[in-house]
Amino acid sequence: MGKTVTTYLIDGDPKGTQYAFISNKICQMFVVPRSNLSYLNTQKKLQKPAFYILLGGGR
């Protein structure tokens, strides 16, 4: 049985900040480039405990 994953390109760039979720589930995912980490502070839904994964090399 398939599921629908909805992805929003928050800044209109597929390599930029994204928000994705699966309909009728509590799963949510934010993809935030290191260059836009300040975005995390502006979102109320991100001001609670969560599981974070940092990918790529930090330079």
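This is a predicted model: local features need pLDDT of at least 70, side-chain atom pairs count only at pLDDT 80 or more; totals for chains, interfaces and linings use all residues.
## Overall make-up

The protein chain has 59 residues. Its secondary structure comes to three strands and zero helices. Read from the N terminus, the order of elements is β-β-β. The C-alpha trace spans about 40 × 25 × 20 Å along its principal axes.

Buried residues account for 17% of the chain. Here, buried means under 20% relative accessible area. Among contacts with a separation of 6 or more, 5% link residues 24 or more positions apart.

## The sheet

The three strands form an open sheet. Their order is β1-β2-β3, and the pairing is antiparallel. β1 covers residues 5-9 and β3 covers residues 28-31. Both stand at the edges with a single partner strand each, so one side of each has no neighbour in the sheet. From one strand to the next, the twist averages 15°.

In general, strands of a sheet pair through backbone hydrogen bonds, either parallel or antiparallel.

Strand β2 takes in residues 18-22. Four bridges join β2 to β3, and the two run antiparallel. Glutamine 18 stands opposite valine 31 of β3.

Together β2 and β3 make a hairpin, with five residues between them. Asparagine 24 sits in the turn. Its phi is positive, at about 65°.

## The nonpolar core

Which residues make up the largest nonpolar core? There are five: Tyr19, Phe30, Val32, Tyr39 and Leu46. In soluble globular proteins, nonpolar side chains tend to be buried together.

Phenylalanine 30 is one of these core residues. Leaving aside neighbours within four places in sequence, Phe30 is in contact with Ile10, Gln18, Tyr19, Tyr39, Lys45 and Leu46. Tyr19, Tyr39 and Leu46 are therefore partners of Phe30 and members of the core, where buried nonpolar residues are joined through side-chain atoms within 4.5 Å.

## The largest pocket

The largest pocket has a volume of about 720 Å³. Its lining counts 23 residues. Phe30, Val31, Phe51, Tyr52 and Ile53 lie nearest the centre of the pocket.

Which element gives the largest share of the lining? That is β3, with four residues.

How values were computed:
Residues are numbered from 1 along each chain as its sequence is written. Side-chain values use heavy atoms; hydrogens and water are left out. Buried means under 20% relative accessible area, exposed over 50%, partly exposed in between (1.4 Å probe, protein chains only). Contact means heavy atoms within 4.5 Å. Two strands pair if DSSP finds at least two bridges between them. Axes are lines fitted to C-alpha atoms, for helices over the stretch in contact, and angles run from 0 to 180 degrees between N-to-C directions. On a 1 Å grid over the protein atoms alone, a cavity is a set of points where a 1.4 Å probe fits but cannot get out, and a pocket is an open set with protein on both sides within 12 Å along at least five of seven lines; lining residues have an atom within 4 Å of a point. Grid points are joined across faces, edges and corners, and a volume is the space filled by probe spheres set on the points.
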